[in-house]
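User: I am new to reading protein models. Please take a close look at one part of this one with me.

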Amino acid sequence: MGFLVRLLVSALALYLLTRVYSGVSFVPGADAVSILIAAVVMGVVNALVRPVLLLLSLPVNVLTLGLFTLVVNGIVLWLVAAATALNVSGFGAAVVGALILGVISWVLDGVVGALGLDGRRE
């Protein structure tokens, strides 16, 4: 049940990102299934590719005091856009979109946790 809630929160965050920021959008005619597929791909890329990118960029990340992680998150969003119905207008838009997506996801995770829908026991 927790996986399904996280998938729906991720899909909602992606959808809200496209509504809030014009640099990231879905292709015209994209339906809920396309948004869910983008959320699944985002989860897979975050689980498999992002740790490798963070490891490879560790020296730069240390020099920038962790700010290079924003660039890595932008690369992840750009990869997801390349594989799904998500459109990103450029690399700068991917970095800004990843930052906004992180804030939206953080807020939604807080709401889901406060409502007790995340399946965690206290």
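Which residues does Ser-34 touch, not counting residues up to four places away in sequence?

Analyst: Ser-34 touches Phe-26 and Ala-85, with residues up to four places away in sequence left out. Contact here means heavy atoms within 4.5 Å.

First, some ground rules. This is a predicted model, in which local features need pLDDT of at least 70, side-chain atom pairs count only at pLDDT 80 or more, and totals for chains, interfaces and linings use all residues. Residues are numbered from 1 along each chain as its sequence is written, and side-chain values use heavy atoms, with hydrogens and water left out.

Now back to Ser-34. Ser-34 sits in helix H2, which covers residues 32-48. Helices are DSSP runs (H or I, at least four residues), as are strands (E, at least two), numbered from the N terminus. The side chain of Ser-34 makes a polar contact of 2.9 Å with the side chain of Asp-31. A polar contact is a pair of N or O atoms within 3.5 Å; within protein, one must be able to donate a hydrogen and the other to accept it, and residues adjacent in sequence count only if both atoms are side-chain atoms.

Follow Phe-26 next. Thr-18 touches Phe-26 too, along with Val-24, Ser-25 and Leu-86, again not counting residues up to four places away in sequence. Thr-18 belongs to helix H1, residues 2-20. Is Thr-18 buried or exposed? Thr-18 is buried, because its relative accessible area is 13%. The cut-offs are under 20% relative accessible area for buried, over 50% for exposed, and in between for partly exposed (1.4 Å probe, protein chains only). The side chain of Thr-18 also reaches the backbone oxygen of Tyr-15, at 2.6 Å.

Stay with H1. Leu-4 is another residue of H1. Leu-4 is partly exposed, since its relative accessible area is 45%. Leu-4 and Asp-118 are 114 residues apart along the chain, yet their C-alpha atoms are separated by 9.3 Å.

H1 has a partner, helix H6 (residues 91-115); their axes come within 9 Å and cross at roughly 135°. Axes are lines fitted to C-alpha atoms, for helices over the stretch in contact, and angles run from 0 to 180 degrees between N-to-C directions. H1 and H6 are therefore oblique to each other. Under 35 degrees counts as roughly parallel, over 145 as roughly antiparallel, 65 to 115 as roughly perpendicular, and the rest as oblique. The crossing of H1 and H6 is right-handed. From H1, the contact includes Val-5, Arg-6, Val-9 and Leu-12. From H6, it includes Gly-97, Ile-100 and Asp-109. By class, 13 residues of this contact are nonpolar, two polar and two charged. Ala, Val, Leu, Ile, Met, Phe, Trp, Tyr, Cys and Pro count as nonpolar; Asp, Glu, Lys and Arg as charged; the others, Gly among them, as polar.

H6 meets helix H5 as well. The axes of H5 and H6 come within 7 Å and cross at roughly 105°. That is why H5 is roughly perpendicular to H6. Trp-78 of H5 and Phe-91 of H6 are among the residues that make the contact. Its residues divide into eleven nonpolar, three polar and no charged.

The axes of H2 and H5 come within 9 Å and cross at roughly 135°. H2 and H5 are therefore oblique to each other, and their crossing is right-handed. Among the contact residues are Ala-38 and Met-42 of H2, and Leu-77 and Val-80 of H5. This contact has nine nonpolar residues, one polar and no charged.

Val-44 is in H2. Val-44 is partly exposed, at 44% relative accessible area. Val-44 and Val-80 lie 36 residues apart in sequence and 9.4 Å apart in space, C-alpha to C-alpha.

Leu-65 lies in the loop between H4 and H5 (68-83). Leu-65 counts as exposed because its relative accessibility is 78%. Phi of Leu-65 is near 55°, a positive value in a residue other than glycine. Most residues other than glycine have a negative phi. Pro-59 is in H4, residues 58-63. Pro-59 is exposed too, with a relative accessible area of 53%.

Methods
Left-handed = near helix turned anticlockwise from the far one by under 90°.
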